[in-house]
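Here are my notes on charge pairing for your review. Please read them with the structure open.

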Amino acid sequence: MASMKPKLNEKSGLLELGFQFTDVKEPNLFRNMYPYNDIPKLIFNQRIVPMNLPKDIFITDTTFRDGQQARSPYTVQEICDLFTLLHKLDNGSGIIRQTEFFLYSQKDKEAVERCRELGYDFPQITSWIRAKKEDFAIVKEMGLKETGILVSCSDYHIFKKMKWTRSEALKNYLEVVDAALCEGIVPRCHFEDITRADFFGFVLPFAEKLMEMARDSVIPIKIRACDTLGLGSSIPGVVLPRSVQQIMYGLTNYSGVPSEQLEWHGHNDFYNAVPNAVTAWLYGCSSVNTTQLGIGARTGNTPLEAM
């Protein structure tokens with residue numbers, strides 16, 4: 001890895017270790033903490049970062065996206081009923097801020113239209129797409145103001161699933177984000193598998209670039225930190241990329257992501273979904289992504305009612 005020179009952090013006024021994008025020939029799979037033949041390991045460096053509770057905290061929902069990946073797909077009427085329930089639970093507060101939808105099938109599109117016809121202010125309707133221009137065309141067709149974009153950030157996904165290099169991933173992701181900005185659509189970048197990603201060599205440089213694009217376009221690009229396999233930990237002193245505290249601190253302090261543009265998406269594989277989500281709030285993340293009853297891929301997501 002290339003050396004990282006210290007630089008002045010204008011936000012904190014401190015000289016801190018810098019970061020830079022690092023292209024690698026071989027993926028960094030963190031074999032010391034993620035061995036193939038044993039359970040994941042917690043490694044400690046005893047680094048403690050400060051709490052940074054945002055002024056306002058919110059709940060977002062992915063019942064109609066991630067929630068459907070653990071069960072038979074909902075019917076259009078079931079989606080409308082559950083959407084109405086979310087609206088009633090929110091009770092006009094705007095705390096249950098958003099919910100996201102698939103857009104790929106005719107049923108998905110009908111569900112969006114039916115829910116939109118209900119005229120509720122909250123939860124706001126958003127979508128989810130892959131980082132592909134043909135997917136973005138569907139968002140434009142549906143006339144949505146915001147969409148989630150899958151931007152896998154671990155080398156497991158970039159090298160093994162996407163078959164890209166880090167440079168290719170960065171280029172492809174930024175092109176789709178730029179296409180959204182050109183249409184005035186708010187991009188919500190889903191940093192998939194962040195708890196197995198090279199934080200200083202890919203995550204922070206990518207987030208910093210997105211914040212530069214947001215300033216230039218005057219459109220608030222959002223970042224969803226996705227603990228895709230539920231490997232995050234709220235235990236103090238755990239090393240990156242598993243430390244929820246340090247992920248939140250790094251994104252807000254180093255890459256300059258405003259708390260209101262930051263979201264945590266956790267899974268419950270190791271039964272840490274709720275404490276990890278609370279920790280994300282406490283350390284600078286405004287929004288926590290949930291599903292109703294925690295139903296979602298594998299062991300489930302963070303339960304909305306718990307939050």
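Which residues are linked in a network of salt bridges?

1. The network. Arg65, Glu100, Glu146, Arg188, Lys222, Arg224 and Glu263 are linked by salt bridges. Keep in mind that this is a predicted model. The structure as a whole holds 20 salt bridges.

2. Aspartate 193 and arginine 196. Their side chains meet in a salt bridge, at 2.9 Å from N to O. Aspartate 193 has a relative accessible area of 0%, so this residue is buried. Arginine 196 comes to 13% relative accessibility and also counts as buried. The cut-off for buried is under 20%.

3. Glutamate 141 and lysine 109. Here the salt bridge spans 3.5 Å, N to O. Glutamate 141 belongs to helix H3 (residues 133-142) and lysine 109 to helix H2 (residues 106-117), so the pair ties together parts that are 32 residues apart in sequence. Lysine 109 counts as buried, at 16%.

4. Aspartate 38 and lysine 41. These side chains also form a salt bridge, with 3.0 Å from N to O. Aspartate 38 is partly exposed, at 43% relative accessibility. Lysine 41 is partly exposed as well, with a relative accessible area of 30%. Both values fall between the limits of 20% and 50%, which is why neither residue is called buried or exposed.

5. Background to the pairs. Side chains of opposite charge can pair when their charged atoms come close.

Definitions and conventions
Residues numbered from 1 in each chain as written. Predicted model: local features only at pLDDT ≥ 70, side-chain atom pairs only at ≥ 80, totals over all residues. Heavy atoms only, no water. Salt bridge = Lys/Arg side-chain N within 4 Å of Asp/Glu carboxyl O. Buried < 20%, exposed > 50% of the residue type's maximum accessible area, 1.4 Å probe, protein only. Helix = DSSP H or I, 4+ residues; strand = E, 2+ residues; numbered from the N terminus.
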